[in-house]
Amino acid sequence: MKRLLCYIFVIVTIKMVSLGANVDSALVEHTTLGQLPHLESLRNPALHGLYYRTSFSALSLGLDLQRQSQAFVPEKGTGYTLPYLKVNTYHHLNEKSAVWGEASYTTGKQHAVRWNSTSDYDLLQPYVLADTVGGDTRRERYAIAGGYALRLNRWALGVEMRVRAEQEYRRRDPRMRGVVTDLTLRLGAGYELGRYRLAATFEGNIYRQTNSVAFYREESVIPEYQMTGLGTEYSRFSGDKRSLYHDGGGVAVMLHASPVDHNGFYANVTLDTHRYHRKLAEYNSMPLTDLYNELAGVTVGWERKGRYHIAAFGHFDYTRRTGNEQVGGASDARYFPVIARLTMYKSHVLDGHVGALLGKEQWHVALIAGYASRGEKYVYPHRQLDSGHVYARLQGQGFLRPSSKLQLTLEANAAHSACVSDKFVMPFANMDASTSRLMRHKYDYAKANYTTVGAKVRADYALKTSRFGLFAELGGDVTFCSMSEHQTTLQTSIGITF
Amino acid sequence: MKQRLLYISLLLLALAVAACAPIEDDLFTTARITVAATDGTSITGVQAQVKLTNVNTHQVTTVADFNGTSVTVELLRGAYQIDVEGVAACVGNNGATRHRQFRCQSDYTEIVSAHANEVTLNIIFLD
């Protein structure tokens with residue numbers, strides 16, 4: 001993987017000499033907030049290939065930092081320190097075709113992770129391996145992506161592939177290790193029908209994670225729990241069963257309709273279904289749990305690009321997570337037959353918002369307001385954790401040019417999320433103290449209010465004698481939680497544009 | 001062309017819908033547990049506690065509401081370890097009723113059928 005990344009960096013460096021673009025206009029086109037109404041449709045590689053008029057590439061060295069005064073989600077820890085090296089490029093081969101690509105290497109630490117010994121928590125929760133001790137984990141991620149789009153008369157065709165290889169591990173007991181391989185392939189097509197372009201995207205994904213926990217010191221051995229949602233565990237296979245893997249993947253279908261000149265009504269529909277099977281490696285791959293993530297979303301909007309760029313849109317999506325537990329029968333030579341399947345875990349996320357965008361080429365302001373409802377339920381013994389939030393987010397971006405060589409990008413954002421409803425049902429009488437504390441912590445943060453303010457500054461300097469440009473970027477935000485805790489995030493990077 | 005696009009879109013949507021999660025909401029079932037003597041002893045009534053431990057979740061259900069030699073209990077479908085301990089009213093050869101302490105045990109019993117599950121356990125008298 002490292003060798004492949006080296007090749008990509010070399011190829012991109014050679015390309016830097018022969019290619020180039022007007023960094024100023026390219027930077028604006030590729031980073032403007034004005035893309036906001038099109039972010040969904042840009043998942044279609046055919047539309048992605050048509051969207052940008054300019055070529056733009058960047059090589060960046062950066063650092064992402066996050067610190068929380070207390071973990072908002074214990075399974076994700078109190079923050080991270082992630083330095084990275086990244087190169088991304090978007091290049092028009094000719095008037096009819098475009099290629100793009102991205103390669104990055106990220107390494108660093110995730111701080112104070114508890115109740116989770118599995119990587120990719122957001123994807124696989126609640127079906128993770130967990131213990132009460134935890135600690136810092138080290139992360140290493142390689143990501144490569146590439147795409148190609150071609151325009152044939154009224155048709156536009158595109159293909160994109162994304163590969164992520166990641167490992168997360170801990171160097172002291174409990175020594176968790178998660179090794180992830182994640183491959184996504186997207187096929188896109190678009191067809192011009194009158195003044196509208198109709199497009200469809202098909203996405204396929206294959207995912208696998210091998211996950212284990214080891215103890216080097218006999219006296220530090222603690223039980224590892226096979227979590228099954230809202231503090232429950234699969235008791236029979238918890239304790240010393242510490243080697244498992246997650247197999248999964250899924251498909252997504254997206255349909256888009258938008259005016260070719262971006263003046264008029266547009267709509268996107270997304271259907272997404274993924275499933276992840278947790279299997280015990282040491283018991284002949286006995287399936288423990290199956291997780292099904294399903295999403296249906298629709299966006300309808302209107303946009304006009306005239307003297308001002310104006311857009312208004314509404315979005316609604318519903319995500320359902322369903323967890324089936326496999327009931328293991330009597331073992332026979334370390335083989336456990338599955339005698340029944342029970343749907344014990346149900347969760348949903350409902351998000352509806354409306355938004356508006358106003359701007360010109362050099363500045364944009366966007367306002368989004370909506371309602372998000374989250375609910376988790378463990379069927380028996382009954383456990384439930386629900387919350388509903390109303391939220392609003394204001395974003396602004398401006399491009400300034402103090403001199404002919406220097407361009408500044410200024411961004412600011414503010415958001416507030418207020419809890420309007422919550423429900424918490426837990427059989428505390430039958431729960432141990434540590435799980436009770438975990439679930440109370442989750443409830444406290446589920447019903448909390450959050451306020452975020454942030455800003456980002458980027459300076460791009462065009463070199464006098466070449467088409468290269470230098471840039472430096474510094475951004476940060478602070479989130480205040482009504483639990484009297486806060487989160488600080490910092491992003492900084494330097495690099496070359498070309 | 002419009003028709004072809006429509007067909008492709010419908011096919012893609014059908015593919016996504018067909019991939020929906022299989023939901024198994026039949027979580028509970030009913031089990032009738034009967035205790036019986038293998039030596040032919042006639043049992044007219046039982047007063048005992050039945051303890052059912054789910055092998056996978058370790059949840060324990062207890063029931064003592066015997067009707068004759070059987071008790072009915074609603075359970076989460078799964079595999080169970082069953083322990084019964086109590087007193088049985090036994091009718092001897094001379095017609096006299098005698099109360100005898102007994103135990104029954106099963107390390108592994110599958111109670112997974114969506115409908116009535118019949119479980120018969122053999123009594124071991126302790127006297």
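**A tour from helix H5(A) to the cores**

Start with the buried residues of H5(A): they pack against strand S17 (383–400) and strand S18 (406–425) of chain A. This is a predicted model, so treat each stop as a prediction.

**Stop 1: the helix.** Select A:Thr435, A:Leu438, A:Lys442 and A:Ala446, the buried residues of H5(A). They cover an arc of only 70 degrees around the axis, so they lie on the same side of H5(A). Now check the helix from end to end. Helix H5 (residues 433–446) of chain A has 14 residues, which should span 20 Å at 1.5 Å a residue. Its end C-alpha atoms are 20 Å apart, which agrees.

**Stop 2: the largest nonpolar core.** This core has 31 residues. Select B:Ile33, B:Val50, B:Tyr80, B:Ile82 and B:Val84, which have the most contacts inside it. Which elements give two or more residues to this core? From chain A comes strand S15 (338–360). From chain B come strand S1 (28–36), strand S2 (42–54), strand S5 (78–91) and strand S6 (97–111). S5(B) gives the largest share, 6 residues.

Zoom in on B:Val50. Leaving aside residues up to four places away in sequence, B:Val50 touches B:Ile33, B:Thr62, B:Val63, B:Ala64, B:Val71, B:Ile82 and B:Val84.

**Stop 3: a second core.** Next, select A:Val128, A:Val213, A:Met227 and A:Leu291. They are among the 22 residues of a second, separate core.

**Stop 4: confidence.** Colour chain B by pLDDT. Its mean is 86, and 87% of its residues reach 70 or more. Among the elements of chain B, strand S3 (residues 60–63) has the highest mean, 93. Helix H1 (residues 2–18) of chain B has the lowest, 66. Where pLDDT is low, the predicted coordinates should not be read in detail. The model scores ipTM 0.84 and pTM 0.89.

Definitions and conventions:
Residues are numbered from 1 along each chain as its sequence is written. Chains are lettered from A and ligands numbered from 1 in the order in which they are written. This is a predicted model: local features need pLDDT of at least 70, side-chain atom pairs count only at pLDDT 80 or more; totals for chains, interfaces and linings use all residues. Helices (H or I, at least four residues) and strands (E, at least two) are DSSP runs, numbered from the N terminus. The expected span of a helix is 1.5 Å times one less than its number of residues. A residue is buried if 20 or more other C-beta atoms lie within 10 Å of its own, exposed if 12 or fewer, and partly exposed in between; C-beta atoms are placed from the backbone. The arc is that of the directions from the helix axis to the C-beta atoms. Two residues are in contact if their C-beta atoms, placed from the backbone, lie within 7 Å. A nonpolar core is a set of buried Ala, Val, Leu, Ile, Met, Phe, Trp, Tyr and Cys residues joined through C-beta atoms within 7 Å. pLDDT is the predictor's confidence in each residue, from 0 to 100.
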